[in-house]
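Have the coordinates open as you read.

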Amino acid sequence: MLAPVRPRFGGVWSPSWVKNLSLRAFSTSSSSSASANQSRGGLPRFFSQVLPTAKGSVVRVQGDEFWHMTKVLRLGINDRVELFNGKGGLIEGCIERIDHTGINFIALEDPKFLVPQSTQWHVFAAFGSLKGGRADWLIEKCTELGASSVTPLLTERSPSISENRVDRLQRVVLAATKQCQRLHEMILNPPMKIDDLLPSVSQSTLSFVAVAEATPLVSALTSSRIQPRGLIIVGPEGG
């Protein structure tokens, strides 16, 4: 099924349109039933690809997260923090040791893992032509609303997206993931041409495309059965 949705005033992901999106439409890894598990005690949360395997285990945290811990938040030895791996894993622990290259994190509990619930929404959007930080804003809001992935679409009006921009958007994803307390990091896929999108549409039983004057998204969803996967497709500025 390919059902249209309506961007309120045209354009790509205008703020007024996003405000009208149902949060349930994007409920994926950040489901309401898991919100209590994702913000326990308000501890600072940092990303680590590797988590301790059990209580008492130690992992090393370096790079940007180490800098943020020690230089920005000025955390010290014995300060309690949380680590998450972007794949549903979360663990509480404390800083055991600090040196000039990183910190040692010791787990105070066994890791917990959250499985994504409800429909996983995958957004395909042509936003290569967006200027003035609007692409950052789009990626940030997709992350906050719970999209499972975003794929830049390459079209005649949005023909390219630079590698430098993709790297920047990856940083936006991570920052927004930590800010909104998601446990499953949103995936930013490599850019894709329209022709390469068609197989994904044919394999999905729940797909929406943003078309002016079409049925509002919320109205379309109320008549749709819950599916494990859904697509939302948004074209470039100007249609």
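This is a predicted model: local features need pLDDT of at least 70, side-chain atom pairs count only at pLDDT 80 or more; totals for chains, interfaces and linings use all residues.

Leu73 sits in the loop between α3 (63-72) and β4 (80-84).

## Helix α5

Next up is α5, which runs over residues 163-179. Its 17 residues should span 24 Å at 1.5 Å a residue, and the end C-alpha atoms lie 25 Å apart, so the two agree.

Which residues of α5 are buried? They are Arg165, Leu169, Val172, Val173, Ala176, Thr177 and Lys178. The cover over them includes β2 (45-47), α3, β4, α4 (134-145) and β10 (187-188). Just past the helix, Gln181 takes a positive phi of about 65 degrees.

The largest nonpolar core holds 25 residues, and Val123, Phe127, Ile139, Cys142, Val150, Met186 and Phe208 have the most contacts inside it. Elements giving two or more residues to this core are β8 (120-125), α4, α5, β12 (207-210), α7 (217-222) and β13 (229-234). The top contributor is α4, with 4 residues. There is also a second, separate core of 14 residues, with Val59, Val61, Phe66 and Phe105 among them.

Back to Met186: leaving aside residues up to four places away in sequence, its contacts include Ile139, Cys142, Val150, Val173 and Thr177. Ser158, in the loop between β9 (149-154) and α5, counts as buried because its relative accessibility is 1%.

## Salt bridges

The salt bridge count comes to 9. In one of them, Asp99 pairs with Arg60, with the closest N and O atoms 2.7 Å apart. This pair links distant parts of the chain: Asp99 is in the loop between β5 (89-98) and β6 (103-107), while Arg60 is in β3 (58-61), 39 residues apart. Asp99 also meets Arg97 in a salt bridge (2.9 Å, N to O), and shared partners join Arg60, Arg97 and Asp99 into one network.

Glu92 and Arg80 form another bridge, at 2.3 Å between the closest N and O atoms. It connects β5 with β4. Glu92 is buried at 13% relative accessibility, whereas Arg80 is partly exposed at 44%.

Notes. Residues are numbered from 1 along each chain as its sequence is written. Side-chain values use heavy atoms; hydrogens and water are left out. The expected span of a helix is 1.5 Å times one less than its number of residues. Buried means under 20% relative accessible area, exposed over 50%, partly exposed in between (1.4 Å probe, protein chains only). Contact means heavy atoms within 4.5 Å. A nonpolar core is a set of buried Ala, Val, Leu, Ile, Met, Phe, Trp, Tyr and Cys residues joined through side-chain atoms within 4.5 Å. A salt bridge is a side-chain nitrogen of Lys or Arg within 4 Å of a carboxyl oxygen of Asp or Glu.
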